[in-house]
There are 2 protein chains.
Amino acid sequence: MSEDGLKTLYVYRMGIDTYKNPVIFLREDCEICKAEGFAAPSRVRVEIGNRFILATLQVVKPEIMPYGRVGFSEYAWEILSAKDGDIVRLSHPAPLESLSYLRGKIHGKKLTETQMQEIISDIANNLYSNIHIASFITACANGNLSREETLHLTRAMINTGKILTWEQHQIVDKHCIGGLPGNRTTMLVVPIVAAAGLTIPKTSSRAITSPAGTADTMEVLAPVKLNLAEMRKVVERENGCIVWGGAADLSPADDILIQVERALNLDNESQAIASVLSKKVSAGSTHVLIDIPVGPTAKVRSHEDAEHLKELFEDIAKRVGLIVKVLISNGSAPVGRGIGPALEARDVVAVLKNEEDAPQDLRERALDLAGAILEFSPKISKGDGRHRAQKILESGKAWKKFQAICKAQGGMRRIPHAKYKHLITASKSGMIIEIDNRTLASIAKLAGAPRSKAAGIELHATLNDVVAAGDALFTIHAESKGALEYAVRGVCFEHDIMKIKGNNGC
Amino acid sequence: MSEDGLKTLYVYRMGIDTYKNPVIFLREDCEICKAEGFAAPSRVRVEIGNRFILATLQVVKPEIMPYGRVGFSEYAWEILSAKDGDIVRLSHPAPLESLSYLRGKIHGKKLTETQMQEIISDIANNLYSNIHIASFITACANGNLSREETLHLTRAMINTGKILTWEQHQIVDKHCIGGLPGNRTTMLVVPIVAAAGLTIPKTSSRAITSPAGTADTMEVLAPVKLNLAEMRKVVERENGCIVWGGAADLSPADDILIQVERALNLDNESQAIASVLSKKVSAGSTHVLIDIPVGPTAKVRSHEDAEHLKELFEDIAKRVGLIVKVLISNGSAPVGRGIGPALEARDVVAVLKNEEDAPQDLRERALDLAGAILEFSPKISKGDGRHRAQKILESGKAWKKFQAICKAQGGMRRIPHAKYKHLITASKSGMIIEIDNRTLASIAKLAGAPRSKAAGIELHATLNDVVAAGDALFTIHAESKGALEYAVRGVCFEHDIMKIKGNNGC
C-alpha cells in the first residue's frame, strides 16, 4: 500500500449519536490505527477536502464496520458535511496553542483578549473535546474571570458567530436571568412590542439547568429552529420572532459550552453575561432590557447580588456598544401556573387570549417589561409605556400578532397533554410562606422536562395562599410511568417544597 | 409488554473501546429509550445483578445492534463483569450528592474530609463522567487545594484502594517527581536495595504527560501488570519488584484521574502528593525517599518551589504515618542518553552491567538515592549508604538481582529497536549552555512514546558539551514513518532545544 493509500480511508456513517461530541471509529486491524499509534481516546485530526475537525477516537472490532473505512458519529458527519464516497485523511493534530492559555488560566494567570478569542474560536470550530470544555468552564466559573476577561469573552463570542444587520435604526430586545420557573414573559413581550411597531428579533435559548427555556416553550407552539434567512423573513413580515438562538448560529461557541455546563449543572456569571450580550449584538440589537428576578431560591438570591450583576451588565454592554436598561424584579415565587414547556405555553396563551383565569402574575410582569421596552422608542414618552402595552394586550392585538408570528415561523401547533399525572396535597393546614423554586424545577426535570414537552408541574397554590390539609398543592405531569414515579420519588426526598405555617404558628 | 419487561434488556458486547469511559448503546427504536426519555448524552444507571455503574448513553440506528439488547463498550463490559445472557436494568441515576460538593469547591468553598472521601469514592466507582472528572481536576489544580484538603485527598485515596500488609517491620520505597527525561533511577535503586536485603515493593506509574513513566520503561524488560498476589510473590522471593501501580489496584481513583489529567496535560501539586503518598501507604511502605529534581525546564523549576514541595510532602506524610526523606537534586539536563521506554531501558541495563560507556549521570543519581535508602536500615550507619550501594552495583549483584526480579515478574524481555530514525545536528559550533527538557519530551511524544515502546530520543550530546557545526545532537526514533515525520516537523517549529553559545559569544 502506498504511503498515501495508507492514510486514505472512506467515510462510513456509523449511525451512532454521540451528541455534540464528534467521534470517529477505526477498526483495530486498521493499518493507519497501528502506523500512527492511534488508540482510544486519542484526539485525531479528520480531513475531508479542505474541511477538518478534531474528533475523539473509539477503536472497534472488525465485525461492526467494513474494512477501509473510518466510522463517523452523527455529529462528526454533520459538522464535516460528509457524503458517501468521501475520502478521509487522518493525522495527529498539532497541539492546540489555546490549551496552553487555558492551563495558564487554571494556574492563576489572566486571559488576554487575543487568548480568549483563540480559545473561543477553537471551541466554536469543534477543536476542544468535552474534557477541555469542562476544564475551561470550571476555570472560568464564578469569580474566576475578571471584568476585563468577561469583556474579552463577550467580544470573542461576538466575533465568532454571524452578525445580523437590519435596515431599522432601532432594534429592541429583552433578556431575563433565569431561575424563576414559569417566567415566560418573552412570549408575551414580543407580540406586544411587535404589535406596537417596534422591531424585536428575539432569539432565545433552550434550558441549561432549568426544566424549560423560552425556546423549549415556544417550540410547543411553533417551530423555533429557523436559520438566519428564515428568521429575517419572519421579522420583516411581523416585526418580531421568537426563535432558538442555537439554530440561528449567532454564537456557536456558546451552544457548545452550554451542553457541558448542563452536564456539570454549573451556571456562571461571566459566561451568562457574555452569552446574553454577545447574542444581542450578533442579533443586531441596539436597545436591550434585562430583567433580574431576585428571590431566595431564584438564580440571583440577594438584592446585593442583583445590583452587582446589574452594574456588570451595564458596564460590559456599554463597552460592546449596547444600550441596556436593567429591571430588578421580585423572584420569590414561580410565575404562572405551569413549569415545563407545554404547561408554560398554556399559561402564555391564556394571558394572550385575555382569559379570565389567566395567571395575573405572568401578565403583570410581561406588561412591566413590554412597557419598559416601548419606552426605548422615541415616539413613546417616559411613563406611558405600560399603559400602551396593556392596551395592546387587552385589544387582542398581541394575541393576533403572536398567531401571526407562529404562522410565519412555520405554523402554529396544538399544546400536548401529559398521559401520567400525580397530585401532591398539603400535609397540614396553614399559609404557604415559602416556595423552593430550585426543588420545584428539579422535580419538573425528573418528570422529563424539557425533553418531554408535556412533562412538568402544574401549580394549584402559590405564595401567601392559605390551604387546608389535603388541599391540592401541585400536580406532576409526565409522558411515561417511569418518569412520573421517578419525580414522585423525588418529592418524597424533599420536605417543604412549599413551606406551610400552621395556625398554631409552626 | 409488562412494566418490568419494558425495563429488561440483555447485554450485547459492542466491540467498541471507549477507554476508561463506560458507554452504553441503545437503539433509537428501543422502548426504554423512549419511555425513560433517554437521549445522548444522558447518564444512565446500568445494573446487572447487584452490581451497577453509571454510563454515558450513545443512541444507535437499529442496523448496528440486535433488538432487545443494550450495547456495552469494552470498559463497561469489564467493570460490570458482564457475561453473555446477563439481564440489564436501566434507570435514571439519582443525582450524585458529591457533585454538589464539587460545585461548592468551584465556587470557592473548602472540601471537608467527608466530602473529599465521597468524591473520590464516586470517582473510583466509575460514577463520574469524564466531564465531571475534568471539572474536579481543574477545580483542584495548583493552589486551589489547601493543605488540609490535600491531606483529605491523600486519606481519601488511601481509603479507596486496597492496602497491603507485610511481615517485615520496615518497608522502604522511593519516588521521583517527574519532568526529567530519562531519569530511570528506580530500575537501578530497587535491585541495589533489594540485593542489600531491604524490602522494596515498588509500584510505578505510567507516563502522565511525559514520554515514559517507570512502568512504561520497565515493561520493555518484563511484565509489569501484576495483581497484588503476584506482586507479593515476587517481593517474597526477591525482596523487591517494579510493577505498574494501576494493575495492583492500590489507588483506583488515581488511575481514573490520571487519564483525564493526561488529556488536559495538567499536573498539579496536591494531586501529585496525594497520588504518591496514598500509593506508598497502600503498598504498606514505612520509609520513603523522595527525589525532587530542580531545573529551569524540569517539573519543579526553582529551589524555592522545591523547598515548598519538600515541606508539604514531609508534613502530609507525617500526618498519614509515613517517614519520608526528601532529596533536592540537579534537574537541569536529561539523565542518561535515552528518552522513551526502550531507549531508557537500554541506559538502565548498561549501568547495571557496569558497561564502560554506561551513562554516568544516571549511575551517580541512582547511587545517591540507593545510598540514602540503605541508611533507613538500622544496620547501616549514616554516611555509609552510598559506599555500600556502589559495592553492590560494581559487584554485579544488582544486575543479578534485576534479572531475578524480571524473571519473577514473568520473564525478561529483549529491548526493541526503532525502524525509523532521523539525526538532528548542531547548526553552529560552540558550547551547549541550555537544554529544553520540556520540548525534548514533547518531541519524544510526537515520535510515539510511550505508546510506541521503541520511539523516543537518543541524545548524543549534553549540557556543557562543546560541539562543532554538523555534530550529532540527538536522533529521533520512531516505529512508523508518519510518527517520525511528525516529530521531525515538531523540531522544525522549535528553536534552541539545545542552546549553543558560539565562540564569538552568540
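Which residue follows H5(B), and is its phi positive or negative? Select Asn126(B) in this predicted model: Asn126(B) comes after H5(B), and its phi is positive, near 60°.

Now step back to the helix itself by selecting residues 113-124 of chain B, which make up the 12 residues of H5(B). From its first C-alpha to its last this helix reaches 16 Å, close to the 16 Å expected at 1.5 Å a residue. Within H5(B), colour Gln115(B), Met116(B), Ile119(B), Ile120(B), Asp122(B), Ile123(B) and Ala124(B), which are buried.

Next, show both chains and turn to the contact, to which chain B gives 50 residues and chain A gives 50 residues. On the side of chain B that touches chain A, the elements giving two or more residues are strand E2 (16-17), strand E5 (51-60), helix H4 (97-106), helix H6 (130-139), helix H12 (252-264) and helix H20 (481-493) of chain B. Select H6(B) in particular, for its seven residues are the largest share of that side. If you colour this side of chain B by residue class, you will find 22 nonpolar, 20 polar and eight charged residues.

Finally, select strand E2 (residues 16-17) of chain A together with E5(B): the two strands run antiparallel and are joined by two bridges. Zoom in on Ile16(A), whose bridge partner in E5(B) is Val60(B).

Note on methods: Residues numbered from 1 in each chain as written. Chains lettered and ligands numbered in written order. Predicted model: local features only at pLDDT ≥ 70, side-chain atom pairs only at ≥ 80, totals over all residues. Contact = placed C-beta atoms within 7 Å. Helix = DSSP H or I, 4+ residues; strand = E, 2+ residues; numbered from the N terminus. Nonpolar A, V, L, I, M, F, W, Y, C, P; charged D, E, K, R; others polar. Pairing = 2+ DSSP bridges. Expected span 1.5 Å × (residues − 1). Buried ≥ 20, exposed ≤ 12 C-beta atoms within 10 Å, placed from the backbone.
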